[in-house]
Amino acid sequence: MTRPPLLSLDDALPQLLAQARALTGVQSVSTFEADGRVLAQDVTAALQVPPQDNSSMDGYAIRVADCAQEGAVLRVTQRIPAGTHGTQLHAGEAARIFTGAPIPPGADAVVMQEDCEALEGDQVKVNKAVPVGQWIRRSGEDVTRGATVLSKGTRLSPAELGLAASIGLAQLQVSARPRVALFSTGDELVMPGDVAPEAMLAGAIYNSNRFFLRAMLQRLGCEVTDLGIVPDKRDATIAALRDAAQHHDLILTSGGVSVGEEDHIKPAVESLGELNLWQLAIKPGKPFAYGKVNRDGGACHFMGLPGNPVSSFVTFLLLVRPFVLALQGVTKTDIARTDMTAHFDWPRADKRREFLRVKRNAQGSLDLFPNQSSGVLTSAVWGDGVVDNPAGQTISKGDTVRFISFAEWLA
Ligand code: AMP
Ligand code: MG
């Protein structure tokens with residue numbers, strides 16, 4: 001049997017993303033609830049932020065011309081705490097002002113209170129000459145009226161929620177959550193809690209993929225239906241897939257995508273739609289499947305991940321993550337690679353592009369986890385990211401490598 005050539009990730013990913021047409025549903029959600037959601041339309045400011053020129057210090061609003069000499073004495077004619085506004089400031093006058101309060105008309109600078117001395121009565125001595133504009137936050141310096149402050153396709157994070165609130169938006173229009181049906185395959189799988197460690201039968205292992213896949217999908221804004229473990233039987237697999245396709249945008253499975261006798265995913269999906277089994281030139285993670293499961297009036301996306309936990313973890317991040325983001329209309333789905341220095345040797349180049357689990361050390365370079373096997377999930381916990389190492393590339397201590405941070409990748 002001749003083996004098909006391996007497909008590079010750079011060829012596979014665009015093919016996959018070409019299938020990920022953004023879902024059409026739009027939802028209006030409270031800005032409080034919008035963390036992690038994707039904007040379905042541009043957000044435009046209906047006002048300036050800040051709305052007026054205001055003070056960035058507690059102190060005195062003055063006219064610079066009155067204070068050319070250090071030690072000028074002015075009469076304090078008004079007091080402007082934040083939330084109020086003052087009146088015209090005339091020559092020889094100062095206004096007691098607090099952070100965030102609007103600058104009164106006529107004033108052109110603020111002197112901080114540390115540089116002033118309150119005198120008897122209503123007098124203040126200004127001990128420092130300041131330039132025009134000192135300690136004034138200008139109207140619109142954050143946001144100008146009419147500006148597009150957030151664009152459609154942006155994945156919202158806490159800073160974006162604050163910015164949307166700063167222009168008065170209590171509700172945001174976001175893309176519908178992709179509905180994802182998740183299931184694991186494999187008769188060896190046992191759920192934690194169902195069987196105690198000491199009672200595990202020979203050959204049984206706990207289902208770990210289900211836990212991280214579900215959590216990763218949820219972090220990416222998906223609504224997950226967890227269908228549990230499907231037995232390694234053709235009929236059961238077909239029934240589970242047919243059912244899931246009715247009410248979901250994507251079916252995601254782990255395990256069973258190699259082409260062994262016990263792997264029923266391929267024939268099951270083929271009997272209900274179409275399937276492409278890819279042998280990707282990546283390590284961990286070679287087998288990967290993309291297809292469609294037909295349903296009344298359409299089809300549901302299907303993605304099959306390899307069963308080995310680290311393969312499943314890495315292929316999810318490389319392929320499923322951008323896919324479910326694209327379903328939500330996210331415009332930027334790629335992940336940043338940062339140049340960093342290797343503090344390890346990797347003398348055996350692999351034919352496949354490798355994703356090596358590494359951790360930043362105190363010197364700011366990268367240490368390598370000693371066991372890079374695709375079944376060793378401790379590598380992903382120990383590591384704080386991966387080195388994206390090109391096919392055929394050895395690494396020597398001191399070399400520059402491309403690092404992907406889990407903190408960003410899993411966010
Ligand atoms: P498969 O891709 O089904 O051939 O599985 C490859 C390896 O991954 C086997 O050792 C499986 O036991 C293991 N595996 C498959 N699914 C899971 C899972 N959900 N959790 C942990 N290990 C799994
Ligand atoms: Mg299996």
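This is a predicted model: local features need pLDDT of at least 70, side-chain atom pairs count only at pLDDT 80 or more; totals for chains, interfaces and linings use all residues.
Residues are numbered from 1 along each chain as its sequence is written, chains are lettered from A and ligands numbered from 1 in the order in which they are written, and side-chain values use heavy atoms, with hydrogens and water left out.

Me: What makes the approach of G256 to ligand 1 a polar contact?
Reply: A polar backbone atom of G256 is 2.8 Å from an oxygen atom of ligand 1, and a polar contact is a pair of N or O atoms within 3.5 Å (within protein, one must be able to donate a hydrogen and the other to accept it, and residues adjacent in sequence count only if both atoms are side-chain atoms), so the pair qualifies.

Me: Which backbone atoms of N209 lie 3.4 Å from a nitrogen atom of ligand 1?
Reply: A backbone N or O atom of N209 lies at that distance.

Me: Why are α1 and α6 called roughly parallel to each other?
Reply: Helix α1 (residues 9–17) and helix α6 (residues 309–327) pack at an angle of about 25°, and angles under 35 degrees count as roughly parallel, over 145 as roughly antiparallel, 65 to 115 as roughly perpendicular and the rest as oblique, so α1 and α6 are roughly parallel.

Me: How do you know that α3 and α6 are roughly parallel to each other?
Reply: Helix α3 (residues 209–219) packs with α6 at an angle of about 20°, and α3 and α6 are therefore roughly parallel.

Definitions and conventions
Axes are lines fitted to C-alpha atoms, for helices over the stretch in contact, and angles run from 0 to 180 degrees between N-to-C directions. Helices (H or I, at least four residues) and strands (E, at least two) are DSSP runs, numbered from the N terminus.
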